[in-house]
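The sequence and the structure are shown first.

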Amino acid sequence: MSAPVQNEQALGRPAALSDDSGSGGARRQALFRALNEEIRTIADGFAADEPLELVCECERAGCFARFSVSHQAYESVRRFPTRFLIRLEHRSGDERVVEKTTGYAVVEKVGPGAQTAILLDRSNGRAEARRS
Ligand SMILES: [Zn+2]
(Lines give C-alpha, C1' and ligand atoms only; values in the text may rest on other atoms or scores of the structure.)
Protein backbone atom coordinates (compact mmCIF):
# COMPACT_ATOMS: atom_id res chain seq x y z
CA MET A 1 0.00 0.00 0.00
CA SER A 2 1.54 3.25 -1.05
CA ALA A 3 -1.33 5.57 -0.28
CA PRO A 4 -0.65 5.98 3.49
CA VAL A 5 2.98 6.81 2.74
CA GLN A 6 1.92 9.46 0.29
CA ASN A 7 -0.43 10.94 2.85
CA GLU A 8 2.28 10.99 5.44
CA GLN A 9 4.57 12.77 3.06
CA ALA A 10 1.95 15.36 2.28
CA LEU A 11 1.32 15.99 5.97
CA GLY A 12 5.01 16.01 6.73
CA ARG A 13 5.66 18.73 4.20
CA PRO A 14 6.50 21.99 5.92
CA ALA A 15 3.54 24.32 5.77
CA ALA A 16 5.90 27.00 4.55
CA LEU A 17 6.06 25.36 1.14
CA SER A 18 2.42 25.79 0.25
CA ASP A 19 2.16 28.92 2.35
CA ASP A 20 4.99 30.50 0.41
CA SER A 21 3.51 30.10 -3.03
CA GLY A 22 0.05 30.82 -1.70
CA SER A 23 0.84 34.12 -0.05
CA GLY A 24 3.09 35.16 -2.91
CA GLY A 25 0.23 34.75 -5.33
CA ALA A 26 -2.22 36.37 -2.96
CA ARG A 27 0.11 39.30 -2.43
CA ARG A 28 0.43 39.73 -6.17
CA GLN A 29 -3.33 39.69 -6.50
CA ALA A 30 -3.72 42.30 -3.76
CA LEU A 31 -1.11 44.45 -5.46
CA PHE A 32 -2.84 44.29 -8.84
CA ARG A 33 -6.16 44.91 -7.21
CA ALA A 34 -4.70 48.08 -5.68
CA LEU A 35 -3.28 48.98 -9.09
CA ASN A 36 -6.69 48.60 -10.70
CA GLU A 37 -8.13 50.80 -7.95
CA GLU A 38 -5.64 53.47 -8.98
CA ILE A 39 -6.56 53.05 -12.64
CA ARG A 40 -10.20 53.44 -11.73
CA THR A 41 -9.49 56.55 -9.64
CA ILE A 42 -7.54 58.14 -12.48
CA ALA A 43 -10.14 57.16 -15.07
CA ASP A 44 -12.87 58.70 -12.93
CA GLY A 45 -11.15 62.05 -13.27
CA PHE A 46 -11.15 61.84 -17.07
CA ALA A 47 -13.90 59.89 -18.75
CA ALA A 48 -16.15 58.16 -16.28
CA ASP A 49 -18.28 56.56 -18.99
CA GLU A 50 -15.40 54.93 -20.85
CA PRO A 51 -14.70 51.31 -19.88
CA LEU A 52 -11.72 50.78 -17.59
CA GLU A 53 -8.53 49.30 -19.01
CA LEU A 54 -7.59 46.98 -16.17
CA VAL A 55 -4.78 44.53 -15.58
CA CYS A 56 -5.29 40.84 -14.91
CA GLU A 57 -5.48 40.09 -11.17
CA CYS A 58 -4.38 36.48 -11.45
CA GLU A 59 -1.64 34.89 -9.35
CA ARG A 60 0.77 34.38 -12.24
CA ALA A 61 4.01 36.24 -11.81
CA GLY A 62 4.74 38.37 -14.83
CA CYS A 63 1.19 38.42 -16.18
CA PHE A 64 0.27 41.81 -17.56
CA ALA A 65 -2.80 40.84 -19.52
CA ARG A 66 -5.26 43.69 -19.94
CA PHE A 67 -8.95 43.91 -20.68
CA SER A 68 -11.79 46.42 -20.65
CA VAL A 69 -14.29 46.41 -17.81
CA SER A 70 -17.24 48.73 -17.39
CA HIS A 71 -17.31 50.90 -14.26
CA GLN A 72 -20.49 49.20 -13.17
CA ALA A 73 -19.03 45.72 -13.49
CA TYR A 74 -15.88 46.80 -11.72
CA GLU A 75 -17.78 48.28 -8.79
CA SER A 76 -19.84 45.14 -8.35
CA VAL A 77 -16.70 42.99 -8.23
CA ARG A 78 -14.94 45.29 -5.74
CA ARG A 79 -17.80 44.95 -3.29
CA PHE A 80 -16.41 41.51 -2.51
CA PRO A 81 -12.86 41.32 -1.14
CA THR A 82 -12.61 37.72 -2.31
CA ARG A 83 -13.43 38.43 -5.97
CA PHE A 84 -10.95 39.17 -8.69
CA LEU A 85 -10.98 40.10 -12.36
CA ILE A 86 -8.81 37.80 -14.41
CA ARG A 87 -8.43 36.16 -17.78
CA LEU A 88 -10.42 32.96 -17.54
CA GLU A 89 -7.45 30.82 -18.57
CA HIS A 90 -5.41 32.24 -15.65
CA ARG A 91 -7.74 30.86 -13.02
CA SER A 92 -6.03 28.93 -10.22
CA GLY A 93 -7.35 25.91 -8.36
CA ASP A 94 -8.85 27.82 -5.44
CA GLU A 95 -10.86 30.21 -7.58
CA ARG A 96 -14.49 29.65 -8.52
CA VAL A 97 -15.83 31.32 -11.66
CA VAL A 98 -18.62 33.75 -10.78
CA GLU A 99 -19.06 35.35 -14.18
CA LYS A 100 -17.63 34.95 -17.66
CA THR A 101 -17.50 37.61 -20.33
CA THR A 102 -15.65 37.79 -23.63
CA GLY A 103 -12.66 39.70 -22.26
CA TYR A 104 -12.35 38.54 -18.69
CA ALA A 105 -13.82 36.44 -15.90
CA VAL A 106 -14.85 37.25 -12.36
CA VAL A 107 -13.57 34.65 -9.94
CA GLU A 108 -14.10 34.16 -6.24
CA LYS A 109 -11.44 32.78 -3.93
CA VAL A 110 -12.47 29.76 -1.92
CA GLY A 111 -10.74 28.10 1.02
CA PRO A 112 -7.70 29.57 2.80
CA GLY A 113 -6.99 31.87 -0.15
CA ALA A 114 -10.22 33.71 0.56
CA GLN A 115 -9.11 34.64 4.07
CA THR A 116 -5.79 35.90 2.78
CA ALA A 117 -7.59 37.96 0.17
CA ILE A 118 -9.80 39.54 2.84
CA LEU A 119 -6.84 40.31 5.09
CA LEU A 120 -4.83 41.81 2.25
CA ASP A 121 -7.83 43.79 1.11
CA ARG A 122 -8.11 45.36 4.55
CA SER A 123 -4.43 46.16 4.82
CA ASN A 124 -3.78 47.36 1.26
CA GLY A 125 -6.89 47.94 -0.77
CA ARG A 126 -8.96 49.85 1.72
CA ALA A 127 -6.06 52.03 2.82
CA GLU A 128 -5.44 52.92 -0.82
CA ALA A 129 -9.07 53.77 -1.34
CA ARG A 130 -9.28 55.92 1.76
CA ARG A 131 -6.31 58.01 0.69
CA SER A 132 -8.10 59.49 -2.30
ZN1 LIG B 1 -3.28 36.80 -15.66
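In the protein chain, 49% of the contacts with a separation of 6 or more are between residues 24 or more positions apart; two residues are in contact if their C-beta atoms, placed from the backbone, lie within 7 Å. The model is a predicted one: local features need pLDDT of at least 70 and side-chain atom pairs count only at pLDDT 80 or more, whereas totals for chains, interfaces and linings use all residues. Residues are numbered from 1 along each chain as its sequence is written.

**Overall architecture**

The protein chain contains four helices and five strands, arranged along the sequence as α-α-β-β-α-β-β-β-α. Helices (H or I, at least four residues) and strands (E, at least two) are DSSP runs numbered from the N terminus. Of the 132 residues in the protein chain, 22% are buried. A residue is termed buried if 20 or more other C-beta atoms lie within 10 Å of its own, exposed if 12 or fewer, and partly exposed in between, with C-beta atoms placed from the backbone.

**The three-stranded sheet**

An open sheet is formed by three strands in the order β3-β5-β4, with antiparallel pairing. Its edge strands are β3 and β4, each of which pairs on one side only. On average, neighbouring strands of this sheet are turned by 30° against each other, direction ignored; the axes are lines fitted to C-alpha atoms, and angles run from 0 to 180 degrees between N-to-C directions. Two strands count as paired if DSSP finds at least two bridges between them.

| Strand paired with β5 | Bridges | Residue and its partner in β5 |
|---|---|---|
| β4 (residues 95-100) | five bridges | Val-97 and Val-107 |

Arg-96 stands opposite Glu-108 in β5. A hairpin through four residues joins β4 to β5. Strand β5 (residues 105-109) is mostly covered, with four of its five residues buried.

**Arg-40 in helix α2**

Arg-40 belongs to helix α2, which spans residues 15-46. Is Arg-40 buried, exposed or partly exposed? Arg-40 counts as partly exposed because it has 19 C-beta neighbours inside 10 Å. Beyond its neighbours within four places in sequence, Arg-40 is in contact with Leu-52 and Tyr-74. Arg-40 and Glu-75 are 35 residues apart along the chain, and their C-alpha atoms are separated by 9.6 Å.
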